[in-house]
Amino acid sequence: MTNLLILQGLNGLQFGVLLFLVAAGLTLIFGVMDVINLAHGAQYMVGAYLAAAFTGLAGNFLLGLVLAVPVALAFGLVLEWLVIRRLYDRSHLDQVLVTFGLMLMLNEGVRILWGSAPISVDLPEALSGSIPVWGTLRYPVYRLAILGAGLGVALGLWWMIHRTRLGMLLRAGASNRAMVSALGTDINRLFLLVFGAGAMLAGFAGAMMVPVISAEPDMGDTVLILTFVVIVIGGIGSIRGAFVAALLVGLVDTLGRSFGPILLRSLMEPDMASQTGRTLAPMLIYILMAAILAVRPAGLFPVQR
Amino acid sequence: MKRITRISALTAGLVLTALPALAEGVKVGVMMTLSGSAAVLGEQGRDGFLLALEEMGGKLGGLESEVIVVDDELKPDVAVNRARELVESHKVDVVVGAMYSNVQMAITGPLTEAGVFVLSPNPGPSALAGAGCNPNFFAVSYQNDQPDEVVGAYVSGKAARTFLIAPNYQAGKDHLTGFKRTYTGEVADELYVPLDQMDYSAELAQIAAAAPDAVYAFMPGGLGVNFVRQYRQAGLETIPFYSTFTVDEVTLPAQKKDAVGFHSGGDWAPDLDTERNRAFVAAFEAKYDRVPASYAAHAYDAAYLLDSAIRAVGGNLADKDALRAALKAADFDSVRGEFSFGANHFPLQDFYVTRVAERADGKFQTQIVEKVLEKPVDAYAAECPMK
């Protein structure tokens, strides 16, 4: 049981940092720009497809990843310039409608371009396989790499937000958008940057996951829902909140999925236990969210307004 | 969204001279899943059927054919509406479809009640094999449990403890039930995962912790792609991997080397050594540039079965009883070799265990390891009142 707990703990953390990469962009876009972006999950999918396509061209996943990230950024910038820019002065309902439509278009777009069959990518030799972590239990090297990369990005974001001028503007923007604009900052350029960076982080997360889950249309939809849960728990606009909440959601979801059925199995048939456990496990996240919001209505790390 | 494609033999430019009125031809509805991630299966089925039709010059049993391809979107409610359209607007005589059991269950009743014959290129749900067997329904594939029974029988002598995993829906439970029917060893554990899950890290950790002698998986389509790759990445490949519909020609282009050596079970493989099959595989690969899967082979057989039956009744589609008897006779040359129908209109045919291998041309396919069951009668046939 200890072995399983360690493995599942690692799995939870790895899932958590992945959620953080997607949530970081979403929380800034929502917090700083006040835009609800339902197409954020689709940008995760776009990143995955870009990595798969570039890996196919370059013949090497790491090269594919390196090429996919700037293109995901460029894609975000173009999207902001073409569509999102027109939504800043609109109501949330309009934003939801447009970005939802965007999500459908992107899902259908990749289907037209790449077909509906999942596209997979081979891992580089150095990152494939597994290493022993505890006794006879092994853990995939690549998942450790995802964990490391996610933590690295989190550290980089923390430094940028707390130590640079851009970060200061972001924090100010999340607190009081009008004032930042009044003080002479080009708010449109700031928004363009935030949206592009958000798209890039989501794309990076998708690109890193291709060797594990392969690129498929609609793959971003489930991620999007979880990401919204993360940013609500963490406090909208707070990167630190997104980080803590993402790890929390990742751990609760993974441990709940694994140990829920095990605990229930002593009470009922395996398929029933599995079913009940699995119905309960996704609910755990929402129960967690409800509990946290009951105590802290603005999330764990609310942004001062 | 409506996706209706008409492929008429007339447009194929084969017959440009005087023609009998189309009313004298045969109208066939081809209902497959052609959207969503499951579309790869439906595309195989559609292409297999159209390839056979092309080989026959667009004719079935000497009659001009009109084929209406429709997408069931893997939604039973959508499928029922499309089926109704096929009957009412297109007045089809036969429907070849569907790809998934839930769709099959939804369309078979309404279609057969309207006097239409239904030929299944893939699903063989237990509900249509036993007490609910249907005179106008023919499974050109197999009964759903059979591939699992084959693998269960094969693994029995090889692994004392097996870990089972399947998605949490009816077919997932049916497949594991089929496996357990013939497997004599101990079930280490059984897991049911949601159909939309992509990351199986938690399940793989549980498999590693249980350390079974073998794993048996029914993880169809995209689920299988991710599961097999992650299985390999987690370093579990030392545990023998047995499955059905998890490593096949639909998933192998994505799984590639990760699936090599993994086992499956079924009634057909691309390397099945019959002359008919060699010709089919060569023609399919030449036309579509990919290795055919069982879905294509079954649909291809369905076209030739239909051809033989229409020829036997002299093109008189109005005589349903004669047409039914002619279909039941299965007087055609199947890619699977010996093929006949049992009393419940499900096939009597041989079953094999297969293993994934890389071919000399770099493509991947399943290859037959050994014949495990010879012409088994499915577990439900005895309950069928048809004689």
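Accessible areas here come from the Shrake-Rupley method with a 1.4 Å probe, and for residues only the protein chains shown count as cover. With that in hand, chain A exposes about 13000 Å², of which carbon and sulfur atoms supply 71%. The model is predicted, so local features need pLDDT of at least 70 and side-chain atom pairs count only at pLDDT 80 or more, while totals for chains, interfaces and linings use all residues. Residues are numbered from 1 along each chain as its sequence is written, chains are lettered from A and ligands numbered from 1 in the order in which they are written, and side-chain values use heavy atoms, with hydrogens and water left out.

Chain A holds eleven helices and two strands; helices (H or I, at least four residues) and strands (E, at least two) are DSSP runs, numbered from the N terminus. Reading from the N terminus, the order of elements is α-α-α-α-β-β-α-α-α-α-α-α-α. The radius of gyration of chain A is 20 Å, close to the 19 Å that the globule rule gives for 305 residues, so chain A is as compact as a globular protein of that length. This radius is taken over C-alpha atoms, and the rule is 2.2 Å times the number of residues to the power 0.38. In chain A, 53% of the 305 residues count as buried, where buried means under 20% relative accessible area, exposed over 50%, and partly exposed in between (1.4 Å probe, protein chains only). Of the contacts (heavy atoms within 4.5 Å) in chain A between residues at least 6 apart in sequence, 77% join residues at least 24 apart.

Asp34(A) sits between helix H1 (2-33) and helix H2 (40-58), and its phi is positive, about 60°, although Asp34(A) is not a glycine. Most residues other than glycine have a negative phi. With a relative accessible area of 30%, Asp34(A) is partly exposed.

Chain B comes to twelve helices and 16 strands. A compact globule of 387 residues would have a radius of gyration near 21 Å, and the 20 Å of chain B agrees with this. Along its principal axes, the C-alpha trace of chain B spans about 70 × 45 × 40 Å. Of its 387 residues, 64% count as buried. Chain B exposes about 13300 Å², with 51% supplied by carbon and sulfur atoms.

Within chain B, helix H1 (residues 39-55) has 17 residues and should span 24 Å at 1.5 Å a residue, which agrees with the 24 Å between its end C-alpha atoms; the expected span is 1.5 Å times one less than the number of residues. Of the 17 residues of H1(B), 13 are buried, so this helix is largely enclosed by the rest of the structure. Gly57(B), with a positive phi near 65°, follows H1(B).

Further along, Glu73(B) lies in the loop between strand S4 (63-71) and H2 of chain B. Its phi is positive too, near 55°, in a residue other than glycine, and at 18% relative accessibility Glu73(B) counts as buried. Helix H2 (residues 76-88) of chain B contains Ala79(B), which is buried at 0% relative accessibility. Beyond its neighbours within four places in sequence, Ala79(B) is in contact with Met31(B), Asp72(B), Val103(B) and Ile107(B). Finally, a cis peptide bond, with omega about 5°, joins Gly97(B) and Ala98(B). Ala98(B) belongs to the loop between strand S5 (94-97) and helix H3 (101-113) of chain B.
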